[in-house]
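Biologist: I am new to this structure and would like to learn how to read its strands and one of its residues. Could you take me through them?

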Amino acid sequence: MHKVHGGLLLAGALVALSSVAEAAPAKVSFLKGRAEVLKSAAKHESKGEIVAKAPWRPLKVGAALPEGAAVRTKKGARLEITLGDGSRVRLDEDTTLAMTEVVVGGRDERRSVSLKVWAGRLWVSVAKRLS
């Protein structure tokens with residue numbers, strides 16, 4: 001009986017973690033090559049630039065991206081971020097982008113997205129509102 005109880009706790013924890021991941025305002029939906037993420041980018045910014053020793057971490061498809069995070073693609077890389085309303089942001093190689101504000105619900109809810117591009121190129125496809 002103790003093993004079953006532990007299994008239920010583990011299952012409950014996994015459900016809670018998946019709910020948190022689903023609540024993220026953005027996710028990596030496509031990645032070719034290498035890209036990195038910096039959580040809380042504003043904490044690592046000085047004079048409008050990200051400091052050299054900032055703790056960048058490897059990025060993978062499916063990764064949740066919180067508001068305030070920065071992402072960067074390496075040489076030859078491509079990255080697509082999908083927002084909660086279905087809008088998409090595509091980054092070209094050698095691009096660095098911060099998601100300074102990301103408030104998106106479903107397609108009929110309030111949306112406010114602010115992106116800061118330090119370097120590179122990006123394309124944005126905004127989802128239509130249903131209201």
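This is a predicted model: local features need pLDDT of at least 70, side-chain atom pairs count only at pLDDT 80 or more; totals for chains, interfaces and linings use all residues.

Biologist: Is glutamate 36 buried or exposed?

Modeller: Buried means under 20% relative accessible area. Glutamate 36 has 14%, so this residue counts as buried.

Biologist: Which side chain joins that of glutamate 36 in a polar contact?

Modeller: The side chain of arginine 72 does, at 2.6 Å.

Biologist: Where in the fold is glutamate 36 found?

Modeller: In strand β2, residues 35–38.

Biologist: How should I read a sheet?

Modeller: Strands of a sheet pair through backbone hydrogen bonds, either parallel or antiparallel. Here, an open sheet of five strands runs in the order β5-β2-β7-β10-β11, with antiparallel pairing. Its edge strands, β5 (57–58) and β11 (112–119), each pair on one side only. Within the sheet, three bridges join β7 (residues 70–73) to β10 (residues 96–103), and alanine 70 stands opposite alanine 98.

Biologist: Which strands are joined to β9 by bridges?

Modeller: Strand β8 (residues 78–83) is joined to β9 by four bridges, with threonine 82 as the partner of arginine 88. Four bridges also join β9 to β12 (residues 122–125), where tryptophan 123 partners arginine 90. Both pairings are antiparallel. In the hairpin of β8 and β9, glycine 86 takes a positive phi near 95 degrees.

Definitions and conventions:
Residues are numbered from 1 along each chain as its sequence is written. Side-chain values use heavy atoms; hydrogens and water are left out. Helices (H or I, at least four residues) and strands (E, at least two) are DSSP runs, numbered from the N terminus. Buried means under 20% relative accessible area, exposed over 50%, partly exposed in between (1.4 Å probe, protein chains only). A polar contact is a pair of N or O atoms within 3.5 Å; within protein, one must be able to donate a hydrogen and the other to accept it, and residues adjacent in sequence count only if both atoms are side-chain atoms. Two strands pair if DSSP finds at least two bridges between them.
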